[in-house]
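Please find below a short note for a colleague who has the model open. Comments are set out point by point.

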2 protein chains.
Amino acid sequence: MYCVNAATDAPLLRAGLSHQIREFIVDGISTGRWAPGERIVERRIATELGVSQGPVREALRQLEALRLIESLPNRGARVRAFTEEDLAEIFPVRAGLERTAVELALPHLAGRLDALEAQNQRLAEAAETDDLQAQMRLSIDFHREIVEAAGNRLLISVWESLGIELWTTLSLRIHRTEIYSKSAEHAQLIEAFRRGDPAAPQLLHDHVMNYAP
Amino acid sequence: MYCVNAATDAPLLRAGLSHQIREFIVDGISTGRWAPGERIVERRIATELGVSQGPVREALRQLEALRLIESLPNRGARVRAFTEEDLAEIFPVRAGLERTAVELALPHLAGRLDALEAQNQRLAEAAETDDLQAQMRLSIDFHREIVEAAGNRLLISVWESLGIELWTTLSLRIHRTEIYSKSAEHAQLIEAFRRGDPAAPQLLHDHVMNYAP
DNA sequence: CATTGATCAATGATCGATCATATGATTCTA
DNA sequence: TAGAATCATATGATCGATCATTGATCAATG
């Protein structure tokens, strides 16, 4: 059993319908189909994708959690106007969370250094190519590895909820911002972790803030 | 137009149905109607409240975001088993966010000191009573005031998403944990803010961590 | 006896239709 | 004609019903 996207005829497997609808809308936003501030009408999407209103609603709620859209009771959803400011707000929060992550992880980060170095190696290799998307993903993976090393599930889930990858992608497409994925900086961080440097949390914090616009 | 809770006959206004259902479930969890680990069946609640499945689903998704329940695709939702560990995980995250908040707020926190002192005054007064719930709420309000002073909307929303009030209430009811709402400590913090003490962020961080179990 | 496959009940996921509200157009009144 | 009242339309919110997946039960098989 499957659905068909009326526009592209691409078959969509049933499992995780709202998930797929979410991807569809994200794509529509990042390609500019829906301009910032524009309304997103549940039923219109439902009709277009050949699904019903329910899954679309769920998708919109998920996008609201990612701060990609705003919605008011009885008045529907609209695409947020991502200003530079919106983007800038992410960095202090992310930096603060990752600083905490290192504080928590430092005791048992020693056993994870291999994974971090492997990660960073891949980033260094990708830096040779011009696949920005891949560089970004690898760079984020490096940070994710650290956050996971903290062993605090809430911290991970809060960090993931920032939707860093998504927002960075949008920022690339919409604001044409630069990406700096300096594996050299990451190497320095790894060294700090290795020697259990008490300044390591702050080092990572500042490293993140350096990305900020 | 209204619905009636079949159990209590309390009329529920239509507006914000999923909101009210959420409160109903939260209440059921905190009073032990649903034990930790127990399944929460969408249709059973829907029938009991005389509503349909949709709003119940939405309520459950909200509770999932608050980490009060867990749910798996096609397998429904169950009450999380809030261990001491779950509770403990909140504190480092909260402490990290509030440290960041002070870092951001410090420059323009001077103008907000009055509000903070008023807040803390109310807490001091409530400490005379034995209304723990009120003390907790006031204590949290003090911290919220600081987070809001940072002027970073994302930070606020992430901090709010921790559901500190809810979790503290549950912790009170389930684990019978103590609450320390030391307005004296808050007064010290205010002093640090007043003199723009660069250690203020860390002071708040440590203050929060002192609450941790 | 353990394993596999079929069957079935429970229930989450989805659907199509209806209800209710917000917004804008239209009419009415002073 | 300005402002209030009324109506029409679009659409979010909710409903009742159906589809599909899961997990349990149990028979058949090796």
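1. Basis. This is a predicted model, in which local features need pLDDT of at least 70 and side-chain atom pairs count only at pLDDT 80 or more, while totals for chains, interfaces and linings use all residues. Residues are numbered from 1 along each chain as its sequence is written, and chains are lettered from A and ligands numbered from 1 in the order in which they are written.

2. Contact between chains. Chain A gives 17 residues to the contact and chain B gives 17 residues; two residues are in contact if their C-beta atoms, placed from the backbone, lie within 7 Å. On the side of chain A, helix 3 (53–65), helix 4 (84–105) and helix 7 (153–161) each give two or more residues. Helices (H or I, at least four residues) and strands (E, at least two) are DSSP runs numbered from the N terminus. Helix 4 of chain A supplies the largest share, nine residues.

3. Helix 7 of chain A. A:Leu155, A:Val158 and A:Trp159 are buried, that is, 20 or more other C-beta atoms lie within 10 Å of their own, C-beta atoms being placed from the backbone. They lie on the same side of helix 7 of chain A because they cover an arc of only 100° around the axis, taken from the directions from the helix axis to the C-beta atoms. The buried residues pack against helix 4 and helix 6 (132–149) of chain A, and also against helix 4 (84–105) and helix 7 (153–161) of chain B. Just after helix 7 of chain A, A:Gly163 has a positive phi of about 60°.

4. Sheet of chain B. Three strands form an open sheet in the order 3-5-4, with antiparallel pairing; strands pair if DSSP finds at least two bridges between them. Strand 3 and strand 4 of chain B are the edge strands. Strand 5 (residues 76–79) joins strand 3 (residues 39–40) over two bridges and strand 4 (residues 69–72) over four.

5. Strand 5 of chain B. B:Ala77 stands opposite B:Ile40 and also opposite B:Ser71, and B:Arg78 stands opposite B:Arg39. B:Ala77 and B:Val79 make up the covered face, B:Gly76 and B:Arg78 the uncovered one.

6. Hairpin. Three residues lie between strand 4 and strand 5 of chain B, and in this hairpin B:Asn74 takes a positive phi near 65°.

Terms used: Buried ≥ 20, exposed ≤ 12 C-beta atoms within 10 Å, placed from the backbone.
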